[in-house]
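This report walks through selected features of one protein model. Please look at the sequence and the structure first; the text then takes up a few places in turn.

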Amino acid sequence: MILTDDITTYHHLIIVSYSFIYYIAALQRRILEQALQRTIELSQLSDFFGASKPQVSFEFFPPKDPEGEELLWNTIKRLEPLAPDFVGVTYGALGSTRDLTHRTVRRLAQETALKPAAHLTCAGASRSEVDQVADNYWQAGVRHIVAMRGDPPKGSTSYIPHPDGYAHACDLVRGLKKLHDFQITVAAFPEKHPESPSFEFDMDVLKMKIDAGATQAITQYFFSVEDYFRLLDRAEKAHIEIPIIPGILPVSKAANLVNFSKTCGASVPSWLVKLFEYSDNNPDIRNLLAMHVAASQCLLLRKAGIDKFHFFTMNRYELTWAICRVLGLVVHEEFL
């Protein structure tokens with residue numbers, strides 16, 4: 001027997017039950033709509049696989065121990081089948097990895113089908129020292145240099161040119177072109193160089209490097225594609241016509257990203273910090289997140305017509321390889 005109060009309660013339960021059913025149904029519709037939206041977006045990948053393929057390049061750093069050596073060369077072996085336009089090898093602060101860089105570049109030139117681009121800086125070295133390093137590269141068959149000023153010594157807050165050296169990157173570029181007919185790539189900064197007083201000054205510096213002989217630029221990594229497009233707008237207004245290749249950093253370790261980025265002139269959005277929070281304790285989850293962020297970034301750039309990408313690999317192949325496949329690059333079986 002149901003009393004009046006029980007009937008009222010029963011009716012409330014029915015109403016709540018139906019409300020819950022409607023809520024679940026609406027939620028399911030939203031999930032379905034989101035799934036369809038993702039499917040539509042993913043279906044656009046077929047456009048990339050059917051279109052002309054973008055050019056990619058990869059950046060490595062010289063190993064400091066046998067374990068690092070094994071990691072690097074396994075990465076090179078895995079990425080070589082993607083046939084990059086070139087591969088860069090970094091040059092430590094004040095030439096601290098000069099011999100390691102030269103050895104890695106020489107081995108790339110001699111043992112692989114890849115085209116190495118040796119990084120070279122002028123900080124802390126005389127002109128004769130820099131020229132000798134560049135000449136050694138030329139004699140080893142290296143025709144491509146990534147020329148940069150270099151960072152001040154650790155603990156120093158300002159850059160002081162070597163009294164007998166190239167003062168700035170534009171001077172280094174000019175000196176290299178006088179020495180040999182190198183192809184020279186330089187740096188560009190979507191969020192301006194950390195020491196630059198303004199975006200306009202940044203453009204003036206880039207123009208000086210081009211006038212000295214640079215033929216293309218690679219950007220510092222960035223996480224907002226709008227920063228890159230604003231850089232292209234500034235370059236167009238400054239009548240800069242060389243390719244400015246976006247530098248892409250798949251996040252392979254999140255812990256030091258913010259502090260490291262501050263020294264590079266790159267900002268890390270708060271949403272990205274929250275996204276990767278605690279992820280270093282779970283590398284598989286971190287890599288999934290990193291893949292999503294970097295692939296989305298690249299696809300947005302690709303849809304806007306960007307057809308060249310430079311990847312900072314951190315000497316690991318997995319994320320870079322996967323993103324290149326998303327961009328439609330095919331594996332060249334002759335390298336397998």
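Where is the place of N315? N315 is in the loop between strand 9 (308–312) and helix 12. The model is a predicted one.

**Residues in loops**

The phi of N315 is near 65°, a positive value in a residue other than glycine. Most residues other than glycine have a negative phi. K192 also has a phi near 65°, and K192 lies in the loop between strand 5 (183–188) and helix 7 (199–212). A further loop residue is D151, found between strand 4 (144–148) and helix 6 (169–179). D151 is 27 residues from G124 in sequence, and the two C-alpha atoms are 9.1 Å apart in space. The table gives the accessibility of these loop residues.

| Residue | Relative accessible area | Class |
|---|---|---|
| N315 | 2% | buried |
| K192 | 22% | partly exposed |
| D151 | 51% | exposed |

N315 counts as buried because its value of 2% is under the 20% cut-off.

**Helix 3**

Helix 3 (residues 66–79) has 14 residues and reaches 20 Å from its first C-alpha to its last, close to the 20 Å expected at 1.5 Å a residue. Its buried residues are G68, L72, W73, T75, I76 and L79. These cover an arc of only 155° around the axis, so they sit on the same side of helix 3. P66, E67, E70 and K77 are exposed on the other side. The cover over the buried residues of helix 3 includes strand 1 (55–60), helix 4 (98–111) and helix 12 (318–326). At the N-terminal end, helix 3 is capped by D65, with a side-chain oxygen 3.2 Å from the backbone nitrogen of E67.

**Strands 1 and 2**

Strand 1 and strand 2 pair in the parallel sense over four bridges. E59 stands opposite G88 in strand 2. From strand 2 (residues 86–89), F86 and G88 point one way and V87 and V89 the other way, and all are buried. In a regular strand the side chains alternate between the two faces of the sheet.

**Nonpolar cores**

The largest nonpolar core has 65 residues, and those with the most contacts inside it are F58, L176, I244, F309 and F311. Leaving aside neighbours within four places in sequence, F309 is in contact with residues including P54, V56, I245, C298 and L327.

Methods: Residues are numbered from 1 along each chain as its sequence is written. This is a predicted model: local features need pLDDT of at least 70, side-chain atom pairs count only at pLDDT 80 or more; totals for chains, interfaces and linings use all residues. Side-chain values use heavy atoms; hydrogens and water are left out. Helices (H or I, at least four residues) and strands (E, at least two) are DSSP runs, numbered from the N terminus. The expected span of a helix is 1.5 Å times one less than its number of residues. Buried means under 20% relative accessible area, exposed over 50%, partly exposed in between (1.4 Å probe, protein chains only). The arc is that of the directions from the helix axis to the C-beta atoms. Contact means heavy atoms within 4.5 Å. A polar contact is a pair of N or O atoms within 3.5 Å; within protein, one must be able to donate a hydrogen and the other to accept it, and residues adjacent in sequence count only if both atoms are side-chain atoms. A nonpolar core is a set of buried Ala, Val, Leu, Ile, Met, Phe, Trp, Tyr and Cys residues joined through side-chain atoms within 4.5 Å. Two strands pair if DSSP finds at least two bridges between them.
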